[in-house]
Amino acid sequence: MSKKFFLSAAALLVSSFTAQAFAEEVNVYSNRQDFLIKPIVDEFTKETGIQVNLVNIPDGLGERLEREGRLSPADLVLTVDISRLMDVVDKDLTQPLDNAVLEENIPAQYRDADGKWFALTTRARVVYSSAERVGKTDVTYEELADPKYKGKICTRSGKHPYNVALTAAMIAEHGSEYTKQWLEGLKANLAQKPQGGDRDQVKAIRDGVCDYALGNSYYYGAMLNNEEQRAWAEAAVVNFPNQADRGTHVNISAVALTKHAKNKDAAVKLMEYLVSDDAQHLYASLNHEYPVKPGVAPSELVKSWGEYKADSLPLTDVAKHAKEAIQLMDEVQYDL
């Protein structure tokens, strides 16, 4: 082979190596299931050429970032639930970001005042009721502790973050003493020991175990699109609690820029994309969540459940009471 051939081959190799070495990428630690987020970040990569590397960490995300310290490859964290998010923020594992796009697209209620986290979607903590035995009903979280519901309610573990957040919101609204009594009343009304996930509570309604259940709104869409679980969803109705007063408790999925992000510019581009119209529509259609950006409508399926008023309580106020909520769960022995 000629010397010219070897020089050309070497040049191509160097060029290829350089392109790989300098290609933009973002490393994301997420406690969201990959199938919920991957289609969205794949669209981002298609539009920008920036590679997104997803690492799923169902539990202990904050502990892992702490352990890795400055050596952590993570640029962004994607979380579900305000208490999980604040665990990362309170451990000083994120950095503030002053960004006009994020501030314009996300209402103040759903982002940190110092720019340490930004919500991407919201989900309502609804009360499911039996379509056959109850139907659509006006209900409040408070009245679920009324003895008239004895033996009629199903929930997952009280210590699951979704129920912890609801209980924390009750503490913020009514104080600790009231909330403890509420938990005691709710426990007394349970049809069975807390178990399973939110979908299992809807199945329990279908099976006649209970007439009411607490669950996140997006699970209803997921069940309707699941051949096996469709019958569970069709046996239940979605009710948005507290519409006559403060509104329904909402939680969030959110994103934060890590303290030691090494690909900050690319990470910020991804953050901006996640609150764009395109990404927000994808969240709405794929995950059955509510877009956080004003003006972006929920999917037609989610719309069919009806409009609702959301509780305006700042989520940082909810997070402040998360530890106390867990303590109250222990005191009333909710899961036993």
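**Reading contacts, burial and helix packing**

Biologist: Which residues does threonine 258 touch, not counting residues up to four places away in sequence?

Modeller: A contact means heavy atoms within 4.5 Å. Threonine 258 touches Leu65, Ala74, Asp75, Leu76, Val77, Leu93, Thr94 and Gln95, with residues up to four places away in sequence not counted. This is a predicted model, in which local features need pLDDT of at least 70 and side-chain atom pairs count only at pLDDT 80 or more, while totals for chains, interfaces and linings use all residues. Residues are numbered from 1 along each chain as its sequence is written, and side-chain values use heavy atoms, with hydrogens and water left out.

Biologist: Where is threonine 258 found, and is it buried or exposed?

Modeller: Helices (H or I, at least four residues) and strands (E, at least two) are DSSP runs, numbered from the N terminus. Threonine 258 sits in the loop between β8 (250-257) and α11 (264-274). Buried means under 20% relative accessible area, exposed over 50%, and partly exposed in between (1.4 Å probe, protein chains only). Threonine 258 has 2% relative accessibility, so it counts as buried.

Biologist: How do I read leucine 85 in those terms?

Modeller: Leucine 85 belongs to helix α4 (residues 82-90) and is buried because its relative accessibility is 1%. Leaving out residues up to four places away in sequence, leucine 85 touches Thr79, Trp117, Ile252 and Ala254.

Biologist: At what angle do α7 and α15 pack?

Modeller: Axes are lines fitted to C-alpha atoms, for helices over the stretch in contact, and angles run from 0 to 180 degrees between N-to-C directions. Under 35 degrees is roughly parallel, over 145 roughly antiparallel, 65 to 115 roughly perpendicular, and the rest oblique. Helix α7 (residues 176-188) packs on helix α15 (residues 322-332) at about 50°, with axes 10 Å apart. The two helices are therefore oblique to each other. Ser176, Thr179, Lys180, Leu183, Glu184 and Lys187 in α7 meet Glu324, Leu328, Met329, Glu331 and Val332 in α15. These residues divide into 4 nonpolar, 2 polar and 5 charged (Ala, Val, Leu, Ile, Met, Phe, Trp, Tyr, Cys and Pro count as nonpolar, Asp, Glu, Lys and Arg as charged, and the others, Gly among them, as polar).

Biologist: And at what angle do α6 and α15 pack?

Modeller: Helix α6 (residues 161-174) and α15 pack at about 105°, with axes 8 Å apart. That makes α6 roughly perpendicular to α15. By class, this contact has 8 nonpolar, 2 polar and 1 charged residues.

Biologist: Which domains does the protein have?

Modeller: Domain bounds come from an automatic or database domain assignment. It gives domain 1 (25-122 + 251-304) and domain 2 (124-249 + 311-332). Their centres, taken over C-alpha atoms, are separated by 26 Å, and 16 residues of domain 1 are in contact with 21 residues of domain 2.
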